[in-house]
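Me: I have a model open and want to go over the fold. Can you walk me through it?

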Amino acid sequence: MVIDSVSSVIFPEVCYFCGAGNHVKGSVICPECRDSVRLVSQPFCNLCGLPLATFDDRSSLLCGRCLTNPPPFDKARYGVYYEQSVRTGVTRLKFHASLFNVRPISELLISAFYRHYSDDKFDAIIPVPVHRKRLVGRGFNQVITISKRLSRETGIVLDRTSLVKSRDTEPQVGLSRARRLVNLKNAFQVCRPARIANKRVLIVDDVSTTGATVSEAAKALRKAGAAYVAIMVLALRTRNQPALLDI
Ligand SMILES: [Zn+2]
Ligand SMILES: [Zn+2]
């Protein structure tokens, strides 16, 4: 068929991650690579989504930090660990938003969304913005690129203008949690609070270590009157996994 041959030119039938033959319809990742991607699964904190060292099947399980100091959002979840092929894929996408780079990372984001948020209702998807200075030289924010795909897939409106990063900040990688929080203080602003008031919003980010950036974004949205603030981070970077290049 004509359509098949066109799409096989754009998406050759090889796995995006390993380059091996891949004949899985609708996926650019082969089954072996898909299996090698480590999901962030239970046990994790029911509120902030960060992994817990011990398992307890009580449904109200929270981590110590959330118990003593509730975060400024209603729910946060991480999709996969930032390692191996995921790390390579996310880094490639940062520098080149070709369809071939966008597809696999969007696929992972969409499946993470359905895994964690299939029962939640949202009015808007809000990609974490970057300061305009950071866009110089790249010209695009890869989080917007993958959020667009999630929006198209779920039918939830993409709002890329209400939340802005009003202050440039130094890269978070390598900073302690305390320094991260100071670094980000009041870095985000909602420029049209009327569009956010009483809305159920989902913040999307690509990679995070402690959730400090998304928490700060959540704080701004809450201040603007959002009724429900949830967070979906595609990949969780653990402390011993430095970024290939962090922006
Ligand atoms: Zn593969
Ligand atoms: Zn927690």
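Reply: Below are notes on the sheet, a helix packed on it and some backbone details. This is a predicted model, where local features need pLDDT of at least 70, side-chain atom pairs count only at pLDDT 80 or more, and totals for chains, interfaces and linings use all residues. Residues are numbered from 1 along each chain as its sequence is written, with chains lettered from A and ligands numbered from 1 in the order in which they are written.

Me: What order do the strands of the open sheet take?

Reply: The order is β1-β7-β6-β2-β3, 5 strands with parallel pairing. Strands are DSSP runs of E, at least two residues, and helices are runs of H or I, at least four, numbered from the N terminus; two strands pair if DSSP finds at least two bridges between them.

Me: Which strands stand at the edges?

Reply: β1 (75-81) and β3 (157-158) do; each has a single partner strand, so one side of each is left without a neighbour in the sheet.

Me: How many bridges join β1 to β7?

Reply: 6, and the two strands run parallel. Tyr-78 has Val-233 in β7 as its bridge partner.

Me: New topic. Where is the cis peptide bond?

Reply: Between Gln-42 and Pro-43, with omega about 5°. Pro-43 lies in the loop between α2 (31-36) and α3 (64-68).

Me: What is the phi of Asn-186?

Reply: Near 55°, a positive value in a residue other than glycine. Asn-186 is in the loop between α8 (177-184) and β5 (188-190).

Me: Buried or exposed, that Asn-186?

Reply: Exposed, because Asn-186 has 10 C-beta neighbours inside 10 Å.

Notes
A residue is buried if 20 or more other C-beta atoms lie within 10 Å of its own, exposed if 12 or fewer, and partly exposed in between; C-beta atoms are placed from the backbone.
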